[in-house]
Amino acid sequence: MTHMNTFKLNNGIAMPSVGLGVFQSSPEDTVQAVTAALAAGYRLIDTAAAYQNEAQVGEGIRKSGVARNAIFVETKLWMTDYGYDEALHAFDRSMGKLGIEKLDLYLLHWPMPTQFERTVQAWRAAERLLAEGRTRAIGVSNFSLQNLDDLIARSGVVPAVNQIELHPYFAQRELRAAHQRLGIVTQAWSPIGGIARYSATAGKDPLNDPVVKDLATIYGKTPAQIILRWHLEHGVAVVPKSVRPERIEENFAVFDFRLTSEAVAGIDLLDIGARGGPPPESVDDHSFPIKIED
Ligand SMILES: NC(=O)c1ccc[n+]([C@@H]2O[C@H](COP(=O)([O-])OP(=O)(O)OC[C@H]3O[C@@H](n4cnc5c(N)ncnc54)[C@H](OP(=O)(O)O)[C@@H]3O)[C@@H](O)[C@H]2O)c1
């Protein structure tokens, strides 16, 4: 069994390549999902203020018995809290809920292009939190190349990570190449195509794709493991979500095999540009009915 690899962020911090996602994990499920993941060997948990389960992530971490400094915790700033003072306040709130002193990675959840000034102010707050050592790295989520260029042009710190929708049916080839050029680590959300199964416009499910299923048979792995390995072969970090201990384990058992370049290329060909989530340029703080309580 080879060990989980890490990615080096642009400020030298190491980030585990595989983490547990907890979007849509209920508060009760979140505690046991986090403890199951940490017991299975995961060392990264991806939450967000908007997921309303930061407190349960913190509880799971404490219950796990794994040392806090061995775990990479990331959370996200929600758009209603964009702006400088608002973001600083929201960070304190998230840390209070998580019950931790220092964060590993703080992400701006969406770019909010229609109110980009507030996004930039939120980023300046994140830069301050980084400078003060309250978070070890800062990054963004759902940013297009244009959004990244606009942010970088107006700020001093290049995001360490861009967490984006990415799975075999939406492979984001150009944005990944841009990340590489800019030194930004790509972290895939819905890495096994979860959005294709739960979104209002649910589409084709990559776990049922014949190419993926054939590779699963050939390698003696599951379709989820094949897809997660495909991300890793591309140098992409992943945060698959599950609340089921057996799937949590399955999604982490991806370090004892490699895909051939032919197998990777075969999955690359499945890209049909099928975005499952909302187009980031249309998202703003009125797009989702989420209110974050103190
Ligand atoms: N930044 C953003 O805007 C954004 C947006 C969406 C998601 N995310 C992050 O990305 C994480 C993952 O994304 P996601 O939840 O959308 O999708 P995903 O991880 O691709 O898929 C999760 C779905 O697949 C099921 N599942 C998990 N493992 C499986 C397996 N081995 N075989 C079959 N089914 C399996 C899960 O159900 P069970 O739980 O029942 O196993 C769940 O319904 C989120 O939890 C969140 O942390 C970020």
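The shell around the ligand in this predicted model is made up of twelve nonpolar, eleven polar and six charged residues. In all, 29 residues surround the ligand. The chain that holds them has 294 residues, of which 48% count as buried, and its secondary structure comes to eleven helices and ten strands. With a radius of gyration of 18 Å, close to the 19 Å from the globule rule for 294 residues, the chain is as compact as a globular protein of that length.

**Ligand shell**

- The closest residues to the ligand are Gly21, Trp189, Gly194, Ala224 and Lys241.
- Helix H7, residues 194–198, gives the shell four residues, the largest share.
- Helix H10, residues 245–252, also supplies at least two residues of the shell around the ligand.

**Strand S6 and its surroundings**

- Strand S6 spans residues 103–108, and six of its six residues are buried, so the strand is largely enclosed by the rest of the structure.
- S6 pairs with strand S5, residues 72–77, in the parallel sense, and four bridges connect the two.
- Within the pairing of S5 and S6, Glu74 stands opposite Leu105.
- S6 also runs parallel to strand S7, residues 135–141, and is joined to S7 by five bridges.

**Crossovers**

- Helix H3, residues 84–98, lies between S5 and S6 in a β-α-β unit, and this unit is right-handed.
- Helix H4, residues 116–131, takes the corresponding place in the β-α-β unit of S6, H4 and S7, which is right-handed.
- S6 therefore takes part in a β-α-β unit with S5 and H3 and in another with H4 and S7, while being largely enclosed by the rest of the structure.

**Overall dimensions and contacts**

- Taken along the principal axes, the C-alpha atoms of the chain fill a box of roughly 55 × 40 × 35 Å.
- Considering contacts between residues at least 6 apart in sequence, 74% join residues at least 24 apart.

Key. Residues numbered from 1 in each chain as written. Predicted model: local features only at pLDDT ≥ 70, side-chain atom pairs only at ≥ 80, totals over all residues. Buried ≥ 20, exposed ≤ 12 C-beta atoms within 10 Å, placed from the backbone. Pairing = 2+ DSSP bridges. Right-handed = clockwise from strand over helix to strand, strands pointing away. Rg over C-alpha atoms; globule rule 2.2 N^0.38 Å. Contact = placed C-beta atoms within 7 Å. Near = placed C-beta within 6 Å. Nonpolar A, V, L, I, M, F, W, Y, C, P; charged D, E, K, R; others polar.
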